[in-house]
Amino acid sequence: MKLIKTMTEEELEMFSVDLVSKTYIGLGQNNVEEDTIMIMSQNLAKDLKRIYKNFYIEDAENAFYEGIRMDMKTDFIHFNIPIYIKWLKSYQEIIWEARSRVDSGENPKQVPHYRPEPKLIK
């Protein structure tokens, strides 16, 4: 498990390109231009580094995985920045809820989505 804040810009951009590309395919939006994928990937990399730096890369992958599969109760039309921010925030809340349950005394091995706090880098 690798923390986003420990990734180089190049690693984060490559990860973002892969995640954005898979997301478009998963949503059935496969007529997307390469420029669109690059711009979305650059924005995602910046947002991950700035807002979600304490996520593991697996957290971002899980957020997108869950987002693609969530029940569409709105007029979702196309993958965009507000959509992926919503997915990331939603997954962040899941992580926080799991941590809260463990902090209140539940067994960490029995709490779905729980993961220990990342170790501080010296």
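This report walks through the overall fold of the structure and then its salt bridges.

The model is predicted, so local features need pLDDT of at least 70 and side-chain atom pairs count only at pLDDT 80 or more, while totals for chains, interfaces and linings use all residues. Residues are numbered from 1 along each chain as its sequence is written, and side-chain values use heavy atoms, leaving out hydrogens and water.

Let's start with the fold. The protein chain has four helices and zero strands, in the order α-α-α-α along the sequence; helices are DSSP runs of H or I with at least four residues, and strands are runs of E with at least two. Its C-alpha atoms fill a box of roughly 50 × 40 × 20 Å along the principal axes. Of the 122 residues, 35% are buried (under 20% relative accessible area; exposed is over 50%, partly exposed in between, with a 1.4 Å probe and protein chains only).

Now to the salt bridges, of which the whole structure holds four. The term means a side-chain nitrogen of Lys or Arg within 4 Å of a carboxyl oxygen of Asp or Glu. Here are three of them:

| Pair | N to O distance |
|---|---|
| Glu 11 and Lys 2 | 2.9 Å |
| Asp 18 and Lys 22 | 3.1 Å |
| Arg 50 and Asp 47 | 3.7 Å |

Glu 11 is partly exposed at 32% relative accessible area, and Lys 2 is also partly exposed, at 32%. Asp 18 and Lys 22 sit four residues apart in helix H1 (residues 9-26), about one helical turn. Arg 50 and Asp 47 are three residues apart in helix H2 (residues 34-50); Arg 50 is exposed at 59%, whereas Asp 47 is buried at 11%.
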